[in-house]
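Dear colleague,

I am passing on the structure that we talked about, and you will find it just below. My notes on what was found in it follow after that.

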Amino acid sequence: MINKSTQVEENTEGYREIEITVFRYNSQNKNDTPEYQTYKLIETPGMTLYIALIKIWSTMDHHLSFDFVCRAGICGSCSMVVNGKPRLACKTRTNEFEDGKITLLPLPTFKHIKDLSVDTGNWMNAMSKKVESWIHTKEKTDIAAIEKPIEPEDAQAVFDLDRCIECGICLASCSTKIMREDFVGAVGLNRTARFAIDPHDERTDAEFYELIGDDNGVFGCMSLMGCEDHCPKELPLQTKIAYMRRKMVKA
Amino acid sequence: MKIIYTDALIVGGGLAGLRSAIAARDKGLDTIVISMVPVKRSHSAAAQGGMQASLGNTIKGEGDNEDIHFADTVKGSDWGCDQDVARMFVTTAPKAIRELAAWGVPWNRIGKGPREVIINGQKETIVEKDEAHGLINARDFGGTKKWRTCYTSDATGHTMLYAVANEALKRDVEIHDKKEAISIIHESGICSGVIARDLISGELIAYVARGTMIATGGYGRIYKQSTNAIICKGIGIAIALETGIVQLGNMEAVQFHPTPIVPSGILLTEGCRGDGGVLRDKDGYRFMPDYEPEKKELASRDVVSRRMIEHIRKGKGVKSPYGDHLWLDISILGREHIEKNLHDVQDISKTFNGIDPADEGEKGWMPVLPMQHYSMGGIRVKPTGETPTLKGLFCSGEAACWDLHGFNRLGGNSVSEAVVAGMIVGEYFAEYCANTHLNTNTFTIEKFLEAQREYLQEILSYDGGRNIFDIKDRMRTIMQEKVGVFRNGKDLNDAVNELEDLLKMVKEITVTDKSLCNNPELNEAYRVTKMLKLALCVAKGALDRTESRGAHFREDYTKRDDINWLKRTIATWVNPNDTMPTLSYEALDISKMEMPPAFRGYGKKGAIVLNPLSKKREEEIVKIKETLGSVDRFTMQEALMDYDLPKDYKRKNERVGVGYD
């Protein structure tokens, strides 16, 4: 790929200059060719990649595409590859990089849209349907009556796994996902573990086996642990995959 | 021409939209949700501290019920809310939370026996009842008489949104993300869908439906400093305004949250103060008890935000390169509590400020300053959620002026409103869709689609050389500086004039990339135009409202004036070429209120011009009570102000220790 051009911002405050190189490609335009573009800008105190990219977009290059929503690390929109590692851009501070050089690539394994923007919503919805990511119960709830009591530790354990934000970083860190398009990944397996320990869910191990008891499910994982290493919510993904695998072997 | 037909169309995939979609699917309706972003990324996910519902499980919530939640909400609103709607809401909220529990939201649960809590800066031990063991817990929040805010750590909106989104997927609600509604299709006073833009291909799509709901959230991003996600631009509200028919209510009612972190503006939940955190000034002094002896840090948000700015104006702020700020101290809660119940707050503070709030003493204090947080105003709707002027157009959640919050929303009432409105308005909406036949034709649809095609081309043809990003920045700065926590006539007048100039200036921009597809600069050009119209509604509404009520505070009219201003501001945009909204007013009727206007119990005393009708209604209420004698609270309530709810939502709610009483 060629390096298209370099755009430079004027330095007035005496802060250091950083270089952000971004992958540029419009997948919607069949005639477009992929290329890198470098932007030189002034690093302001506390700068994150969110602040940096918004600055580039609003002052240097109005055509640059990327996805931010909450800019606070809770919505999972802005996953991208930062100097070779999948991360949430909004939670990445530019001063982490000593040489001030940062290269940004779109998150792999998802359908590319343009530049740093990828389509995660449709894949995640399909995954949620595939693992039937909802409570299965025959019990009918009377919503005017006192709720079913749950042990505080049980609720806390479910919450700890429910913190997943579907950012897709576990998939971008996963070797199986690169080989198997339909692998549900740590996000899907963590989700089944979440429902498996939820006292409201009546599914048996055999029923979970129907959903994830194959190579696109729990037996696809090669335990390389890329998912857990990169998870921005620090979820215990490997332990939970192992937990589901033990259950599935018995089922 | 691409046309997609459905029975029920919902614009916006947050809690209100998705819960409404479930109501529609449960009636067997073909249902589509269109959303700018994947639905689980909606701003509902950002709600941290919790959801109010009067379960009364915890010992600190004992005795809580609908009546107390109602009174807190009405006082919080500074009597600006619609009391019918507040009653509908408080009666349904316990049902909403129990439905969500059954759908798997892992609400924090009560463990019986003693536990240590921080109240008023002091450690105290409370003892939870045996019969409450395992039931849904609650924390304290501002402006509430009881501990009523139920939570999942400080990620409450996230767990709620995921549960509701998954239930929608289970029911095969069709979700079309990366689609943005840019105009409403309507003819002869009937709405029949929207024109949407595919944000990937740029294609214009007509979504045609029996009924349409807007659930696109608030308009916080018209301000420079806001806790809102960057998608909260109010586009759904703006396209309703642009029909020329739909009315917006109380747009000037904008909430400023006391404790976003400086400088990023990311929210630190009210749960920080609810759980016992305190505010400190540059001397480390806890100043709130001096201003608000009773509620201290837990007065309503409008009051705490004003007290903070007041204190900074006395020179007590902490100097920083980003201006003066104050400190939020939660270190006194202890590391264990913070890591379990304020996990995201700790993560945010560590990531964005390098401060671990669990560190003891000064080291753990987090810099905070009031910033825009919530839009009380929005599309004016009836209690059923339908707009009174355009049949078949419904609205719910933050985008609506239903009007649950009046001039100030209580913390914990927003996600609660979103799901509750999704249930109530969703049900009325579903009924409407089930009983209505589509009444439009391809000629009308094509006319609206063609108008948008021409409009986008028109934007690309502008050639004045101005930059849309500069216009946006100026708008956000004006709103920040002149339409903020403290307002006055001169600044507001300047703001209105300057915003009007900016709106005219949009025709002088040049969009450098002429592509209709995947062009973020073009997106900005039409969005900023819409945002400017909303900003004008806010600023003009604030200028003309010569009183102070809830979050709207006028330094030149410091009193709440119930004689002249107990009314809702209504804004319309009569002609497409207008550069100013047309304002009118809708009076609130004291003679029908269950709770006539009075002092809120917090905030400045003696700052109200009471309406004599308040006293008259109070006397009436005393008489009604005397006549009825000793009846249960439900019979009494019905006699004071009857209200309707769909389905069986009006049923009594069971509570531990009191049953259905």
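Is Cys433(B) buried or exposed? With a relative accessibility of 0%, Cys433(B) counts as buried. Please keep in mind, here and below, that this is a predicted model.

A disulfide is a covalent bond between the sulfur atoms of two cysteines. Taking a sulfur pair within 2.5 Å as the criterion, the count over all chains is zero. Cys433(B) takes part in no disulfide, its nearest cysteine sulfur being that of Cys191(B), at 9.9 Å. For Cys537(B), the closest cysteine sulfur belongs to Cys401(B) and is 12 Å away, which is too far for a bond.

As for chain B as a whole, its secondary structure consists of 17 helices and 23 strands, and its C-alpha trace spans about 70 × 55 × 50 Å along the principal axes. The radius of gyration is 24 Å, which agrees with the value near 26 Å that a compact globule of 661 residues would have. Of these 661 residues, 67% are buried, and, among the contacts between residues at least 6 apart in sequence, 73% join residues that are at least 24 apart. The accessible surface comes to about 21200 Å², with 49% of it belonging to carbon and sulfur atoms.

The peptide bond between Val262(B) and Pro263(B) is cis, with an omega of about 5°, and Pro263(B) sits in the loop that runs between strand S12 (254–257) and helix H6 (271–274).

Ser153(B), although not a glycine, has a positive phi of about 50°; its place is the loop between strand S6 (149–150) and helix H4 (156–170), and at 4% relative accessibility Ser153(B) counts as buried. Asn518(B), likewise a residue other than glycine, has a positive phi near 50° and lies in the loop between helix H14 (489–505) and helix H15 (520–544), where, at 9% relative accessibility, Asn518(B) counts as buried.

Note on methods: Residues are numbered from 1 along each chain as its sequence is written. Chains are lettered from A and ligands numbered from 1 in the order in which they are written. This is a predicted model: local features need pLDDT of at least 70, side-chain atom pairs count only at pLDDT 80 or more; totals for chains, interfaces and linings use all residues. Side-chain values use heavy atoms; hydrogens and water are left out. Helices (H or I, at least four residues) and strands (E, at least two) are DSSP runs, numbered from the N terminus. The radius of gyration is taken over C-alpha atoms; the globule rule is 2.2 Å times the number of residues to the power 0.38. Buried means under 20% relative accessible area, exposed over 50%, partly exposed in between (1.4 Å probe, protein chains only). Contact means heavy atoms within 4.5 Å. Accessible areas come from the Shrake-Rupley method with a 1.4 Å probe; for residues, only the protein chains shown count as cover.
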